[in-house]
Amino acid sequence: MKNKLSVKVFFILLPLAISILLFSYGYYQAREKLTIDHVFQSGQLSASIGSSEISHYIEGRFAEFDRLSGVMSTCDVSTDTLPKLSSNAINFTRGFSALIISDLSGRAVNFNLSANKSNRYILRQDIEQLQVLTPLVLERLESSYQQWLTSYPKNLTLEEQALNKLLDLKQRGEENSQASRDISNQLVELREQRNYPKLVLSFATTEIVSQLGLIFDEETYFFTRPLVDCEQNLIGYYTAVLDRTLIEEQIASIKQSLIDSGLERIDVFLVRNHDTQPLCDVNYLSVDKFQQYGLNDTIEPRFRNELNGIMITHPITLELKQHLIFESISTEGISEPEFDLSLAVFISNSELEQSHIDHVKEVSLYLLIALALFAVLTIYLSHYIASPIIDLRKRISVLSRQGEIRANFKVRDDEIGDLFKAFNDMAHNIKNKESQLTKLATEDPLTGILNRRALVKNAVDSHRVYTPSCICMMDLDHFKQVNDECGHSIGDKVLVAFCEIVASEIRHSDLLGRLGGEEFALVLPQTNLDDGIQLAERIRKRVEAELAASVYGNFDIAITVSIGVVEWHAEDFNKALSRADKCLYEAKALGRNQTCS
C-alpha cells in the first residue's frame with residue numbers, strides 16, 4: 001500500500017516536473033529574445049542619437065567658424081600682424097584644434113594651436129611650406145573668392161536699399177512691423193555675404209593631419225576661407241582644423257553607454273560610405289569583409305552573418321548647402337562622397353554567444369535546483385504523508401463500521417491531526433458563516449428589514465397562499481434635503497426611525513422591505529384595498545407627527561411620507577409594484593404627504 005501510494009505521489013507530481021522543464025525552456029527562449037531585442041534597441045538608439053549629436057556638433061562649427069572669420073576679416077592683415085591676428089581668432093573657438101594660414105598655393109605660412117585641452121600636452125610643429133590644401137580645394141576657394149568679389153557691389157547696393165526701406169518704415173512708425181523684421185533679417189544676410197566669402201569644407205586625409213603634430217592623426221574636416229585685404233585682394237587662405245578628439249569623445253561616450261547597458265564586444269566608429277573605410281579603430285569587425293560586403297541598406301539593425309555580428313548604421317546628415325560653395329563647382333553639390341559619412345555600431349557574435357552561454361548556465365542552475373526540490377518533495381510526501389494516510393484509512397474503516405470513534409483514538413500531534421481539528425472547526429464556522437450570509441443576503445444592512453430581492457421572493461411565496469394582498473409603495477419626502485443640510489448620519493437615523501414606526505403598525509405576517517435609498521415597499525397578505533389604505537394613513541400620520549422629533553428634538557425640517565396603495569391579485573409582483581409606484585408618484589404630484597390608490 002505504501003509503495004503504491006508513493007508511486008502515485010510520484011506520478012501526481014510528474015506534471016510538476018514536466019512543467020518545470022517547459023518553464024525552463026520557455027524562460028531560456030524569452031531571455032534569448034529579450035537579449036536580441038535589447039541589443040537591437042540599444043544599438044539602434046545609440047546609433048541614432050550618436051549620429052544626430054555628431055551632425056549637430058559638426059554643423060555647430062559653421063557658426064563658430066563664422067565668428068573666427070569675423071576676427072580674420074579685418075583689413076589690417078600683414079606679415080607682422082598675421083600671427084597675432086590668427087592667435088586671437090583661434091581663441092574664439094572651442095571646436096577647432098588649430099588655425100593654419102596658407103599662401104595662394106595652399107602652403108602653410110602660419111600655424112596656431114587652440115587652447116583646447118586636447119592640445120595641452122603637445123608642442124607646436126613647424127609646418128611652414130607644408131602643402132595643406134589640395135588643388136581641388138584651391139579651385140573651390142578661388143571660385144568662392146570670385147563669387148564674393150562679383151557680388152560685393154551688388155550686395156552693397158542691396159544693403160543700401162534695405163537701409164533706406166528700414167528708415168522709410170521707421171519714419172512711418174512701422175519699425176516693429178513684419179515687413180521691418182523681414183528687411184532687418186535680409187540686411188543681416190547681406191552684411192554676412194559682404195563681409196566674407198563662403199567657406200570651403202574639405203576632408204583632410206591622414207597623411208596631411210599626421211604632419212600637423214596634433215594629438216590625433218586621423219582624418220578630419222578642414223574649414224577654409226579666402227583671406228582678403230582692404231583692397232579686396234586675395235592674399236591667402238585660413239583653415240580651421242576640426243578637433244577630432246571631441247568627436248572621438250562622443251564616440252567613446254556612445255560606446256560606454258552600450259557597455260553600461262551590458263554589451264562589451266562592440267565597435268562604434270565613423271565610416272566613409274563610398275568606400276566603407278572605417279575612420280576609427282575597430283577591434284571586433286573585420287575591415288576586409290566589411291569593405292567587401294558594404295554597409296546596411298537600411299538604418300534598421302541587421303544580422304550580418306558574413307561579418308559575424310549585428311550591424312547598425314546611421315547616416316551623418318549635414319546641412320551643408322547654405323554654408324558651402326559647391327553648387328558652382330559640381331552638379332552633385334553636397335552629395336560628394338568625401339562628406340558622405342555614417343556612424344556604425346557593430347555587435348560581435350561573440351557577444352551573443354557569451355550571452356547564450358550565460359543563459360544556458362543560468363537556466364541549468366535554476367533547473368537543477370528545481371529538480372532537486374522536486375525529488376526532495378516527492379520523497380517527503382511519500383514518507384510523511386503516505387504512512388499517516390494508511391493509518392487514517394484504518395481508523396476511517398473502523399469509524400465507518402461502528403459509526404463512532406473508539407475511545408482509544410489518538411489525535412496525531414502533526415499536520416494530519418491539525419487537519420482533523422481544523423475540519424471540525426471549519427464545519428462549525430461554515431454553519432455560522434452560512435447563517436450570517438443568509439442574513440446579509442436577505443436583510444438591508446442599515447435598517448434590518450428585507451432587501452429588495454428577499455422582499456420579492458417572500459412576497460411571491462406569501463401570495464401563493466394568501467390572496468388578495470395589498471402593496472404599499474412609500475417614499476420619504478424631501479429626504480435629500482435632510483442629507484444635504486444635516487448630513488448622512490442624520491439621514492440614516494431618519495431611515496431607521498421610519499422603519500421602526502412602520503414595524504410598530506404592521507402584523508407579523510406583513511412584509512416590509514427597502515427598495516433603495518428612501519424608497520420602501522410594504523406587502524400586506526390577505527388585506528383588501530380599503531384596509532390597506534387605512535393602514536397607510538395611520539403610518540403617514542405617525543410619520544408626520546413623530547418621525548422628525550424621534551430623530552432630533554429641535555429638528556426644523558418637516559419629514560413626511562408619500563404612499564401609493566394597490567390591491568394585488570393574480571398578476572406578476574413586479575407589475576403590481578409598478579402600479580403602486582405610479583400611485584406613489586401621483587401622491588408626490590399632489591403635493592407629497594399623501595396616500596393615493
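Visitor: What relative accessibility does His478 have?

Guide: This is a predicted model, in which local features need pLDDT of at least 70, side-chain atom pairs count only at pLDDT 80 or more, and totals for chains, interfaces and linings use all residues. Residues are numbered from 1 along each chain as its sequence is written, and side-chain values use heavy atoms, with hydrogens and water left out. Buried means under 20% relative accessible area, exposed over 50%, and partly exposed in between, with a 1.4 Å probe and protein chains only. His478 counts as partly exposed because its relative accessibility is 41%.

Visitor: Which phi value does His478 have, and where is His478 placed?

Guide: Most residues other than glycine have a negative phi. His478 is not a glycine, yet its phi is positive, at about 55°. The residue lies in the loop between β12 and α12 (479-486); helices (H or I, at least four residues) and strands (E, at least two) are DSSP runs numbered from the N terminus.

Visitor: Asn593 also has a positive phi; is Asn593 buried or exposed?

Guide: The phi of Asn593 is about 55°, although Asn593 is not a glycine. Asn593 belongs to the loop between α15 and β16. Its relative accessible area is 16%, so Asn593 is buried.

Visitor: How far apart are the end C-alpha atoms of helix α15?

Guide: The expected span of a helix is 1.5 Å times one less than its number of residues. Helix α15 (residues 573-589) has 17 residues and should therefore span 24 Å; the distance between its end C-alpha atoms agrees, at 24 Å.

Visitor: Which arc do the buried residues of α15 cover?

Guide: The buried residues of α15 are Phe573, Ala576, Leu577, Ala580, Cys583, Leu584, Ala587 and Lys588. They lie on the same side of α15, because the arc that they cover around the axis is only 150°. The arc is that of the directions from the helix axis to the C-beta atoms.

Visitor: Against which helix do the buried residues of α15 pack?

Guide: Contact means heavy atoms within 4.5 Å. The buried residues of α15 pack against β12 (469-476), β13 (511-516), β14 (519-525), β15 (561-568) and β16 (595-596), as well as the helix α11 (452-465).

Visitor: Which strands stand at the edges of the open sheet of 5 strands?

Guide: The order of the sheet is β7-β6-β10-β9-β8, with antiparallel pairing; two strands pair if DSSP finds at least two bridges between them. An edge strand has a single partner, so one side is left without a neighbour in the sheet; the strands in this position are β7 (277-278) and β8 (302-304).

Visitor: Which residue of β9 stands opposite Phe303?

Guide: β8 pairs with strand β9 (residues 309-316) in the antiparallel sense over 3 bridges. The residue of β9 that faces Phe303 is Ile310.
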